[in-house]
Amino acid sequence: MTNGILSPDYIFESSWEVCNKVGGIYTVLSSRAKTLHEKINDHLIFIGPDCWGEKKNPYFKEDQSLLSVWKTKATDEGLNLKIGRWDIPSEPIAILVDFKPFFEEKDQIYTWLWENYQVDSLHAYGDYDEASMFSYAAAKVVESFYKNNLNKAQKVVYHANEWMCGLGALYINNVLPEVGTIFTTHATSIGRSIAGNNKPLYDYLFAYNGDQMSWELNMQSKHSIEKQTAHHVDCFTTVSDITANECKELLDKPVDFVLPNGFDNSFVPKGAEFPKRRKAARKRVLDVANALLGTDLDDETLIVSTSGRYEFRNKGVDVYIEAMNRLLRDKELKKTVLAFIEVPGWVGEPRQDLVDRLNSGKKYDTPLDVPEITHWLHNMTHDNVLGMLKFLDMHNRKEDKVKLIFLPCYLNGDDGVLNLSYYDIVLGNDLCIYPSYYEPWGYTPLESIAFKVPCITTDLAGFGLWANKVKGGYSEIEDGVKVIHRTDYNYSEVADAIKDTVAKYSNYTADEVKKARQNAEKLSKKALWKEFIKYYEQAYDMALRKAEERKQQ
């Protein structure tokens with residue numbers, strides 16, 4: 001206990017993304033682990049789904065000797081576990097649970113959920129059942145561990161992430177009242193769905209009824225588990241002020257705390273390694289572009305990109321393309337712009353014709369066919385990015401001052417064309433652009449500035465709001481982050497603001513660029529986990545106080 005705040009002796013944290021890299025929550029948990037691990041060491045235990053079965057999980061290192069006595073008991077209780085360490089810097093303990101056996105009990109579990117918490121699982125479809133069975137299994141792991149290894153004198157917190165872990169939080173709430181429960185929604189399922197269905201989210205937020213919208217959008221079960229978990233846990237949290245507003249309106253429950261997503265910058269190259277890696281990344285990116293386009297772009301080229309999940313409207317990919325199209329005709333633009341869209345599409349295979357050109361080492365002065373894409377897609381004729389490029393007649397012609405290339409694969413360093421990791425590509429950029437319409441927090445702009453790359457985002461992203469709060473007004477590109485005002489209806493103004501900012505940046509002197517890059521890095525340091533962990537400590541304190549009250553009843 002420090003400064004009158006209760007601190008947990010044990011933290012159990014569950015998420016579908018523990019040792020399972022499918023989205024931004026993986027980054028939240030894996031980067032925060034180091035800061036928590038320094039405080040409580042191996043009393044921090046993550047629980048994730050065993051999705052890999054017999055195949056080797058690249059994010060997990062099994063250790064048969066770890067917690068082996070308890071594992072034997074848990075196995076006798078019907079739990080099938082792999083215990084080891086998450087393969088991230090602090091190597092915290094991770095327990096992966098096989099949730100498939102619980103499908104046999106699904107109806108009884110859902111009945112219990114309805115009777116105790118009025119959660120409607122009748123309309124479940126898609127990933128609801130799978131997530132719920134994992135969530136239940138994760139809670140059974142905690143129940144077993146607690147009953148076999150811990151006692152009421154120890155202060156224990158169970159932290160569930162997203163609706164997918166809601167059922168487990170309610171189960172712990174019910175069977176282990178002495179454990180403090182925390183629920184974090186990183187985005188409400190209804191808010192994301194409203195935005196994804198091209199409905200105006202923000203102007204009408206006060207008028208939307210979450211329950212009614214869940215029927216309209218066929219989201220009853222996900223919304224129901226999310227809402228009831230929010231109402232019943234000891235401490236309900238989210239990641240930004242913008243999502244806090246969404247929770248209040250759509251889940252009818254104000255959050256107890258906002259827990260902003262911090263960053264761990266330990267993997268940003270240090271010293272002489274930084275310029276070396278940046279130079280190598282720029283060379284590779286320019287080589288690929290020149291081979292594809294039949295051009296001779298040099299290091300003076302302004303390299304920009306957008307990235308993230310393939311949510312065409314929510315992530316602002318549409319407005320990014322529109323801005324690049326307008327930039328083609330901008331008289332203020334002083335450099336050639338090489339713009340990338342780095343979102344994983346339904347990728348088929350690397351383009352052999354492009355690979356052959358790269359391997360030949362020759363220079364070419366004619367473009368390849370379809371010079372807008374590096375990998376073939378399974379759905380070339382029905383892809384949103386390619387469709388919009390075709391509609392706008394953007395085909396990377398020789399005379400175009402803006403060349404736009406779609407990189408539709410996961411950038412893990414092994415894509416067959418670029419063969420660079422995502423972070424290396426960011427490192428080589430001059431600007432990153434994330435004009436989000438729906439973005440509860442926004443890791444991509446935070447990662448960008450950590451690599452000293454100024455970025456453009458919007459005030460509909462939690463990170464954009466935070467950058468404005470730090471500045472005390474609208475942040476500009478010279479501050480390291482340009483935050484554009486975005487609403488349900490000002491798409492065109494946003495496209496113009498991006499266009500104008502890129503054109504302005506192309507006119508910057510070397511000193512002005514240096515200053516913007518320094519300011520970007522400076523701002524990123526204010527978002528390190530060591531700065532943000534205090535918000536989590538408040539949440540732990542609240543959950544533990546409520547658990548203490550129950551113990552005394």
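Tutor: Helices (H or I, at least four residues) and strands (E, at least two) are DSSP runs, numbered from the N terminus. By that rule the chain has 19 helices and 17 strands. This is a predicted model, where local features need pLDDT of at least 70, side-chain atom pairs count only at pLDDT 80 or more, and totals for chains, interfaces and linings use all residues. Residues are numbered from 1 along each chain as its sequence is written, and side-chain values use heavy atoms, with hydrogens and water left out.

Student: OK. What radius of gyration does the chain have, and what would a compact globule have?
Tutor: The chain has 24 Å, which agrees with the value near 24 Å for a compact globule of 553 residues. The radius is taken over C-alpha atoms, and the globule rule is 2.2 Å times the number of residues to the power 0.38.

Student: And what does the C-alpha trace span along its principal axes?
Tutor: About 75 × 50 × 50 Å.

Student: How many of the residues count as buried?
Tutor: Of the 553 residues, 60% do. Buried means under 20% relative accessible area, exposed over 50%, and partly exposed in between (1.4 Å probe, protein chains only).

Student: What share of the contacts is between residues 24 or more positions apart?
Tutor: They make up 73% of the contacts with a separation of 6 or more. Contact means heavy atoms within 4.5 Å.

Student: Let's pick a residue. Where is K482 found?
Tutor: K482 is in strand β17, residues 481-484.

Student: Why does K482 count as buried?
Tutor: Because its relative accessibility is 16%.

Student: Which side chain makes a polar contact with K482?
Tutor: The side chain of E476, at 3.0 Å. A polar contact is a pair of N or O atoms within 3.5 Å; within protein, one must be able to donate a hydrogen and the other to accept it, and residues adjacent in sequence count only if both atoms are side-chain atoms. Leaving out residues up to four places away in sequence, K482 touches C455, I456, T457, S475, E476, I477 and T501.

Student: Which residues of helix α16 are buried?
Tutor: G462, F463, G464, W466, A467 and N468, in a helix that covers residues 462-471. The cover over them includes α9, α15, β16, β17, α18 and α19. Just after α16, G472 takes a positive phi of about 80°.

Student: New topic, helix α4. Is S132 buried or exposed?
Tutor: S132 lies in α4 and counts as buried, at 4% relative accessibility. Beyond its neighbours within four places in sequence, S132 is in contact with Y110 and L167.

Student: And what does E143 touch?
Tutor: E143 is also found in α4 and is buried, with a relative accessible area of 13%. Not counting residues up to four places away, E143 touches Y171, V175 and L176.

Student: How far apart are E143 and T501 in space?
Tutor: They are 54 Å apart, C-alpha to C-alpha, and 358 residues apart in sequence.

Student: What about D127, where is its place?
Tutor: D127 is in the loop between α3 and α4, partly exposed at 32% relative accessibility. Leaving aside neighbours within four places in sequence, D127 is in contact with W163 and K222.

Student: Last thing. Which residues lie nearest the centre of the second largest pocket?
Tutor: R278, R282, D430, V513 and R517, out of 20 lining residues. On a 1 Å grid over the protein atoms alone, a pocket is an open set of points where a 1.4 Å probe fits, with protein on both sides within 12 Å along at least five of seven lines; lining residues have an atom within 4 Å of a point.

Student: Which helices supply at least two residues each of that lining?
Tutor: α10, α17 and α18 do.
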